[in-house]
Amino acid sequence: MISRIDPKTRQALQAAFAVPPPSRKAEFLRSLPPLPPPAGGPLWLVRVQLRYIRKRVWLAGTAVAALCLGAGALPGWNADRAWALSALLPLGLLAAAAELGRSAPCGMAELEQACRYDLRQLVLARAWLLGLGQLPVLAAALAAAGPVWGAAAALYLLAPYLLAAWLCLWALGVCRGPEAPFACAAACVGVAVLRTALEQAPLALYAPPALWGWGAAVLLGAGLTARQARRWLAAPGVG
């Protein structure tokens, strides 16, 4: 057991190891170059998040868009084959969804919370960029499916896509660790398999009365996705 140090010994140690007073401090400070103005603003935040998103995410979106356009240019492309695009879109969402929750599996949530900007601002900027990256994918799918499905192509494509988006946001809210990307993968693959199973089932999916069902599915998916996104952003340690 270590005995307590008496006051005289403590004072002697403090005097022996005391930090010497700074010399020429004012001269040193004057010699420093002026500091640049602090960066900030929405555009600066977006540029930082743009560099944060990995290139593989943009490459994956480009590959899916090119695949959709390539499929639409194939000979014999018709409505009997266009359904594959609505099963492919949820898989194209996987890279963006995993990137949106990247800080959790990488253990960076605490670091991002200590940054200059609020964590929710960082995540919103990241989600905005990833959402913009998904627009060319959806446009390519619509360009390929539109000539064979007409105006109803938007409903056929968006219904499974929004379902996958809702499930991914729900998975990111439930899984806060390295398992989050795997949960998003399971959600996207599950939606793609479900869409394929519906296509093989003896159902009149493309009959005129079925359009009401597709439209209701799109509205329900959009509402659930928006609600889940709000809950996810309100949760502590988001992202």
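**View 1. Burial and surface of the protein chain.** Of the 239 residues in the protein chain, 36% count as buried (under 20% relative accessible area, with a 1.4 Å probe and protein chains only). This is a predicted model, in which local features need pLDDT of at least 70 and side-chain atom pairs count only at pLDDT 80 or more, while totals for chains, interfaces and linings use all residues. Residues are numbered from 1 along each chain as its sequence is written, and side-chain values use heavy atoms, leaving out hydrogens and water. The protein chain exposes about 14500 Å² (Shrake-Rupley method, 1.4 Å probe), and carbon and sulfur atoms supply 70% of this area.

**View 2. Elements of the protein chain.** The protein chain has 10 helices and zero strands. Helices are DSSP runs of H or I with at least four residues, strands are runs of E with at least two, and both are numbered from the N terminus. Among contacts (heavy atoms within 4.5 Å) with a separation of 6 or more, 79% join residues 24 or more positions apart.

**View 3. Axes of helix 8 and helix 9.** Helix 8 covers residues 153-174 and helix 9 covers residues 180-200. Their axes (lines fitted to C-alpha atoms over the stretch in contact) lie 9 Å apart, at an angle of about 155 degrees. The two helices are therefore roughly antiparallel (an angle over 145 degrees, on a scale from 0 to 180 degrees between N-to-C directions).

**View 4. Residues between helix 8 and helix 9.** From helix 8, P160, L163, A164, L167, C168, A171 and L172 meet A180, A183, C184, A187, C188, V191, L194 and R195 of helix 9. The residues of this contact comprise 14 nonpolar, no polar and one charged. Ala, Val, Leu, Ile, Met, Phe, Trp, Tyr, Cys and Pro count as nonpolar, Asp, Glu, Lys and Arg as charged, and the others, including Gly, as polar.

Technical notes: Angles under 35 degrees count as roughly parallel, over 145 as roughly antiparallel, 65 to 115 as roughly perpendicular and the rest as oblique. Buried means under 20% relative accessible area, exposed over 50%, partly exposed in between (1.4 Å probe, protein chains only).
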